[in-house]
Amino acid sequence: MLVLFETAAGYAVFKVLDEKKLQEVDSLWREFETPEKANKIVKLKHFEKFQDTTEALAASTALVEGKLSKNLKKILKKIVAKDAHEQLAIADAKLGGVIKDKLNLSCIHSPMVTELMRGIRSQIEGLITGLPSREMAAMCLGLAHSLSRYKLKFSPDKVDTMIVQAISLLDDLDKELNNYIMRCREWYGWHFPELGKIIADNLTYCKCVRKVGDRKNFSTCDLSEVLPEEIEEDVKAAAEISMGTEVSEEDINNILHLCDQVIEISEYRTQLYDYLKNRMMAIAPNLTVMVGELVGARLIAHAGSLLNLAKHPASTVQILGAEKALFRALKTKRDTPKFGLIYHASLVGQTTAKNKGKISRMLAAKTALTIRYDALGEDSSAEMGAENRLKVETRLRHLEEKGIRRISGTGKALARADKYQHRSEVKIYDPSGDSTLPAVPKKRKIEEVEEEETEVKARKVKTEIKEEADVEEGEPVKKKKKKKEKKQRAEEEAASAEEPSTSTAVELRLMATTLLKTGQGVLQSTRWYSLSNIP
């Protein structure tokens, strides 16, 4: 077995002397404790030294990218010519695949090979003769510096680093300027409070204070270079009747020094903004045309680089910068945000609140296309960005004009919509469903009860007449029962005549038996009479 080992000084090819010891992977490190033991396991067969740092850098770059360099190809061809049947141990599996495809040489990569490489690296000074340790350390340091410098120079991710730093500095300058200007207005306001209401612009305010100083100098100082004539007259008139307090000369000097700082930072901010604008037009021209240089730079800074931003979908670009609101909405199960940093774009800002969500969604989709074109395309023109911006503006105009157009026809006429008319139906309230109690029958009057009783008596008379007629016709009637009934009636009538003051229960029983005998099943109504009315 042959082993290909890469060093900062050159390529080394070792021959494995005892392959049986390589089977014990866990205890393989013991065979490389000393140079003597290491020489019993592997032996140097060929060493190809680099001529200079440039050659070493080219070889290292090829190895990192998994490519086969020219020098390594020559060395392997010599080995193939001599030992074609031997296996080649490789530290990188990707490089082994390339060698196998191009040179038809069997390569091996396993944990055993990794432990073998670690052992060779620990005893490299004893295995490679004629290479001092000091020279080897110098070569390693020089190659590391050259490789780092090469990666930093040619890395595509590092091109937009200046934009990220510039936009971060611009935001910091804005915060500092706001703090300084607020402090300057409040500080000088104790001396001349009316000046802050007359002059609204912060930079003009600081320039005016820097040129005049004390409030008493306003009447004699010429402010035509800083202020218009009308505002200058107002300032001078207010200075004469100002209600501010008197301050010392030392206080005025400190205020003037603060004004100098504000003016210098404002000038530097203007310069930095121009620099950022030029860098954005050079690196991402289409993105700059779509959303502007400030919003585009903030999107790049938030994603980390232009290439990382190109990997994001349009939905992510739309809400980039609103991560807290998004996760809070998902946690509370509410509506997710419709826009993030893209909200500050001019196209979203000039729309109404009703259409901001639609325009931000369409703008994010077109912006994602322009970002990928800027990051991965070879053309540096801004035509694509201008075309997409025109489409978004056209869509915005249609939404603002409520231009819902017909699919068929000329396409110019607006779709007609019927006017909405509200129609209300008047319903009457039904109170029958309010109560769930059963219906109670109404109380009957005394006249109704008397009528029912007369009807009952009439029915009794009819039934008696009918029974007598049936008897005459010869129908079989039991004579014994009739005799008993007549006997009972006679007894009852006699008892009622003898005892006029009977109880109510006896009267009710007599009436019930009478009705049952005559064929009545139910007593519909009952009326109580006094004992004096009973015959």
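Select Q318 with its surroundings. Leaving aside neighbours within four places in sequence, Q318 is in contact with K338, F339, G340, I342, G357, S360, R361 and A364; contact means heavy atoms within 4.5 Å. This is a predicted model: local features need pLDDT of at least 70, side-chain atom pairs count only at pLDDT 80 or more, and totals for chains, interfaces and linings use all residues. Residues are numbered from 1 along each chain as its sequence is written, and side-chain values use heavy atoms, with hydrogens and water left out.

Q318 belongs to helix α16 (residues 314–318). Helices (H or I, at least four residues) and strands (E, at least two) are DSSP runs, numbered from the N terminus. Q318 counts as buried because its relative accessible area is 12%. The classes are buried under 20% relative accessible area, exposed over 50%, and partly exposed in between (1.4 Å probe, protein chains only).

Next, select helix α14, residues 293–303. Its buried residues are E293, V295, G296, A297, L299, I300 and A303. They pack against α8 (161–189), α12 (249–283), α13 (285–291), α15 (306–310) and α16. Step past the end of α14 to G304, where phi is positive, near 105°.

Now the aromatic rings. The whole structure holds four aromatic pairs. Rings of Phe, Tyr and Trp (its six-membered ring) pair if their centres lie within 6.5 Å; planes under 30 degrees apart count as stacked, over 60 as edge-to-face and the rest as tilted. Pick F192 and F218: this pair is edge-to-face, 5.2 Å centre to centre, with 70° between the planes. F192 sits in the loop between α8 and α9 (194–198), F218 in the loop between α10 (202–212) and α11 (229–240), 26 residues apart. Both are buried.

Move to F339 and Y343. Their pair is tilted, at 4.8 Å centre to centre and 40° between the planes. F339 has 24% relative accessibility, so it counts as partly exposed. Y343, at 35%, is also partly exposed.

Finish at the sheet. Five strands form an open, mixed sheet in the order β3-β2-β1-β4-β5; two strands pair if DSSP finds at least two bridges between them. β3 (42–49) and β5 (107–108) are the edges, each with a single partner strand, so one side of each has no neighbour in the sheet. Two bridges join β4 (residues 88–89) to β5, and these strands run parallel. Select L88: its bridge partner in β5 is C107.
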